[in-house]
Amino acid sequence: MAPLRTALVTGANRGIGLALAQALHRQGLRVILGGRELAEARAAAPPGAQALALDLADPGSIARALAELDGAVDVLVNNAGVCPEGDAETVAMEVVRAAFEVHLFGPLALIRGLLPGMRSRGYGRIVNLSSGWGSFAEGLTGPFAYSVSKAALDALTLNLAKDLHGDLKVNACCPGWVRTRMGGDGAPRTPEQGADTPVWLATLPADGPSGGFFRDRKRIAW
Ligand SMILES: NC(=O)c1ccc[n+]([C@@H]2O[C@H](COP(=O)([O-])OP(=O)(O)OC[C@H]3O[C@@H](n4cnc5c(N)ncnc54)[C@H](OP(=O)(O)O)[C@@H]3O)[C@@H](O)[C@H]2O)c1
């Protein structure tokens with residue numbers, strides 16, 4: 001029988017993160033929904049799933065969450081995201097810093113906290129929710145803080161991949177344009193459709209890819 005895997009999804013109280021948590025729960029994983037507001041994560045959690053207070057912009061919150069998790073996470077999905085408006089010349093510096101906290105430093109702190117446990121168990125899947133707006137190949141055309149911090153998350157993915165061996169994998173993905181608070185009402189995809197590629201990456205078999213950037217389960221250029 002396959003071992004029971006535990007997955008942590010950040011920003012799982014709504015949007016793509018919630019659809020991801022629900023899909024992983026349906027597949028039989030033990031799912032922990034990270035939420036900036038614990039009550040919202042609790043309310044969203046499917047029966048049997050856990051909720052965890054986790055604010056990616058607050059290093060203290062991340063440290064408390066890591067202490068509570070005690071290394072017991074096999075699948076980390078860095079989904080939480082913010083998309084502040086503004087270009088390089090005008091967006092407030094603190095807004096840029098906050099985007100980097102949520103998209104780069106928070107995920108890095110979680111990875112550093114959870115990789116030792118994955119290494120000791122010889123299994124780990126790390127999935128970073130990026131965006132076409134974070135892709136050099138697609139022109140980095142989104143708002144400044146968003147595009148540049150997602151490009152940094154992509155860089156983290158590729159750099160980390162060279163240090164992961166055996167059944168440890170890290171990949172980034174773009175969910176497409178998805179109907180959520182971030183994506184807006186005009187987006188063509190449902191959160192469930194947006195969750196398809198990250199769920200696939202979170203449950204890859206041992207011979208699956210690592211160090212890639214994917215959309216619709218196909219590799220795309222960084
Ligand atoms: N929607 C799209 O079209 C699209 C396209 C490309 C990539 N993406 C990426 O997909 C991911 C999910 O996006 P979405 O569309 O589902 O966005 P969303 O509906 O706006 O949800 C964002 C989630 O991130 C959480 N979050 C924001 N700041 C946080 C923080 N400091 N700490 C913890 N959680 C925080 C939010 O929590 P609160 O409820 O507390 O705010 C919410 O749960 C993001 O990384 C986004 O960049 C989305």
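1. The shell around the ligand counts 29 residues, and those that come nearest are Asn-13, Arg-14, Arg-36, Tyr-146 and Thr-180 (near: a heavy atom within 4 Å of the molecule). This is a predicted model, in which local features need pLDDT of at least 70 and side-chain atom pairs pLDDT 80 or more, while totals for chains, interfaces and linings use all residues. Numbering runs from 1 along each chain as its sequence is written, and side-chain values use heavy atoms, without hydrogens and water.

2. Polar contacts are pairs of N or O atoms within 3.5 Å. A polar side-chain atom of Asn-13 is 2.7 Å from a ligand oxygen atom. Backbone N or O atoms also take part: that of Asn-79 lies 2.7 Å from an oxygen atom of the ligand, and that of Leu-56 lies 2.8 Å from a nitrogen atom.

3. Helix H1 (15-26) and helix H5 (144-161) each supply at least two residues of the shell (helices are DSSP runs of H or I, at least four residues; strands are runs of E, at least two).

4. The ligand sits in the largest pocket, meaning that more than half of its atoms lie within 2 Å of the grid points. The volume of this pocket is about 950 Å³, taken as the space filled by probe spheres set on the points. Of its 38 lining residues, Asn-79, Gly-81, Val-82, Thr-180 and Met-182 are the closest to the centre. A pocket is an open set of points on a 1 Å grid where a 1.4 Å probe fits, with protein on both sides within 12 Å along at least five of seven lines; lining residues have an atom within 4 Å of a point.

5. H1 gives the most to this lining, with three residues.

Key:
Polar contact = N/O pair within 3.5 Å; in protein donor to acceptor, adjacent residues only side chain to side chain.
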